[in-house]
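The entries follow in the order in which I made them.

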Amino acid sequence: MTATTGQHVRREPSGDVGAVRLLGMVQSEWIKLRSLRSTVWSVLLLVLPSVGIGTLVASLANSGGGEVTGDAARAALVQYSTAGSTVSVLIAAVVGALSVTGEYGTGMIRSTFTAVPRRWMALVAKGLVLAALLFIATAVGVWATAFLVLPIADANQVNASLDVSVAMPLLGASVYLTLIGLLAFAVGILLRSTAAAIATVLGVILVAPVLVQLVQGFTNAAWLGTVQNLLPQNAGQQLMRFGTTSTAGWHDGVLTLGGWSGFAVLLGWVAVTMIAALMVVEKRDA
């Protein structure tokens, strides 16, 4: 008589199964997000100030009495359409932080991690939903502003059209705001506190450039100009810059970024912070 010993063999999910699970979690996070009243307010705050500020800037602009055409007119149209990003970037950062710290504050994150033991996958799903929301909302705001300011600009003798050279910076504005939101999201995972996450991100966005500029003014250190350009906000703003020629490179000992290099630097900030957040969240208690 022989005894048969049963052994439980753990099978790792295949790539297809993992993808299906991630898709299911994305759907779950979307249901969770759209059921919150704050989501509607977040979208409105990302759209309305952008439209209002851009329209106001275009209305108050003065062409100097002469007709503006060509690249100058297209650059002006980009400037009007993205003027609201100075406010939208703060809102995107707050929304990004709140999207995860809110669950830590209420303790709901424990239920999320209980349902999805692979915490990194749950947070990736949450990040994907956040990115989609931010990108769509900011794109609506920027493009609505562009269409609204076109007749205003034309009335002010700024003759521009929404061609490819204008569309790219407008697309870049949405990418920039979305990445800032994801940076705040990653910081929120690390700090698990709404106040601390928002203070940290706004400090990096608003305070750090001023401090670096002040120190540079006192020391005249050229390398601080490079540090200034590599900060998240300054790097990301290159995505919204209209220009037919690239000025990226080293100039007088200072590294100047262009659109693609600015995107790479901001993406690097997000990637490093997000990887650190996902590594930490797997090792500590919820």
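I looked up Trp143 and Phe147 and found both in helix α6 (residues 119–155), 4 residues apart, about one turn of the helix. I took helices (H or I, at least four residues) and strands (E, at least two) as DSSP runs, numbered from the N terminus. The model is predicted, and I required pLDDT of at least 70 for local features and 80 or more for side-chain atom pairs, while totals for chains, interfaces and linings use all residues. Residues are numbered from 1 along each chain as its sequence is written, and side-chain values use heavy atoms, with hydrogens and water left out.

I noted Trp143 as partly exposed, at a relative accessible area of 28%, and Phe147 as exposed, at 53%. Here buried means under 20% relative accessible area, exposed over 50% and partly exposed in between, with a 1.4 Å probe and protein chains only.

I turned to Trp260 and Phe263, which are 3 residues apart in helix α11 (residues 259–283), about one helical turn. Trp260 is exposed at 69% relative accessibility, and Phe263 is partly exposed at 23%.

I next examined the packing of α6 on helix α7 (residues 164–191): the axes come within 8 Å and cross at roughly 145 degrees. Axes are lines fitted to C-alpha atoms, for helices over the stretch in contact, and angles run from 0 to 180 degrees between N-to-C directions. The contact (heavy atoms within 4.5 Å) includes Leu130, Leu134 and Trp143 of α6 and Leu170, Leu177 and Phe185 of α7.

Where does Leu239 lie? I located Leu239 in the loop between α10 (232–237) and β1 (249–251), and it counts as buried at 14% relative accessibility. Leaving out residues up to four places away in sequence, I found that Leu239 touches Met168, Pro169, Gly172, Ala173, Val175, Tyr176, Gly259 and Phe263. Leu239 and Val89 are 150 residues apart in sequence and 13 Å apart in space, C-alpha to C-alpha.
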